[in-house]
Amino acid sequence: EGIVHRSIRMIKEKYPDAIVCTDVALDPYSDQGHDGVVEDGVILNDVTINQLCKQAVSQARAGADIVAPSDMQDGRVKAIRDALDSEGFTNVSILSYTAKYASAYYGPFRDALDSHPGFGDKKTYQQDPANGREALIEAALDAQEGADMLMVKPGMPYLDIIRRLKDNSDLPIAAYHVSGEYAMLKAAVERGWLDEKDVVLETLTCFKRAGADIILTYYAKQAAQWMKEDGLY
């Protein structure tokens, strides 16, 4: 009966044909702000995975069509796939946060959620922004473990990573246009420096050009309305 589960059921009742994708991670529920179970200042990988499996199954039971583990713990895709299958949710897909970087672009979201790390940072389990090759390793592992889609996060600063994954994987590639990217555009628009519609649609076009099959953005509803008005769909 958590807020996520109630929300899933409400959406499915109102819009039964809608595809619901849910985030799987522990940081929204932790006063430590980290994506895993913490003990003596250490993120416990395997203990965390056990909790993530429970979370994913509960979301699938509520009606989620896609679960998206964002925690970046090693081996979690296979564990979640096995957990879902064992509970009969073989048709629930996994959108893996494959290349999630230890980025400064998450600030506005963490402010809103009050989920800044309570100690240290997330560099021990999120990827190094200077290392582009690691994304290919993570993509191969996630695909082997049963991921159905691969995500790159953030989006615009990592268009090269989107392209690399697109060129080296047969799986659909997702790009996450994160809160910091959104906030920068909003701030520039408020100051009259940029035309909002033009810059947003250009940004989303860049994701597509780089190879993204799926784009997650805070501008989703507004962009859809603009494209509809322009007769693009």
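Predicted model: local features only at pLDDT ≥ 70, side-chain atom pairs only at ≥ 80, totals over all residues.
Which residue forms a salt bridge with R81, and how far apart are the closest N and O atoms? The partner is D85, and the closest N and O atoms of the pair are 3.0 Å apart.

**View 1. R81 and D85 pair up within helix α3.** These two residues sit four positions apart in the helix, so about one helical turn separates them.

**View 2. Helix α3 has a buried face.** The helix spans residues 76-86, and its buried residues are R76, V77, I80, R81, A83 and L84. Looking down the axis of α3, you will find these buried residues within an arc of 165°, so they line one face of the helix. Which elements do they pack against? Their neighbours are strands β1 (21-24), β4 (66-69) and β5 (93-100), together with helices α2 (45-62) and α5 (134-145).

**View 3. G88 follows the helix with a positive phi.** Let your eye run just past the end of α3 to reach this glycine. The phi angle of G88 is about 90°.

**View 4. D71, R76 and D142 form a network of salt bridges.** Here R76 takes part in two of the contacts on show. With D71, the side chain of R76 meets in a salt bridge of 3.3 Å, N to O. With D142, R76 forms another salt bridge, in which the closest N and O atoms are 3.9 Å apart. Because R76 belongs to helix α3 and D142 to helix α5, this pair ties together parts that are 66 residues apart in sequence. If you zoom out to the whole structure, a search finds 12 salt bridges.

**View 5. C53 and C206 are two buried cysteines.** C53 has a relative accessibility of 13% and so counts as buried. C206, at 12%, also counts as buried. How many disulfides does a search of the whole structure find? The search returns zero.

Terms used:
Residues numbered from 1 in each chain as written. Heavy atoms only, no water. Buried < 20%, exposed > 50% of the residue type's maximum accessible area, 1.4 Å probe, protein only. Arc of directions from axis to C-beta. Contact = heavy atoms within 4.5 Å. Salt bridge = Lys/Arg side-chain N within 4 Å of Asp/Glu carboxyl O. Disulfide = S-S within 2.5 Å.
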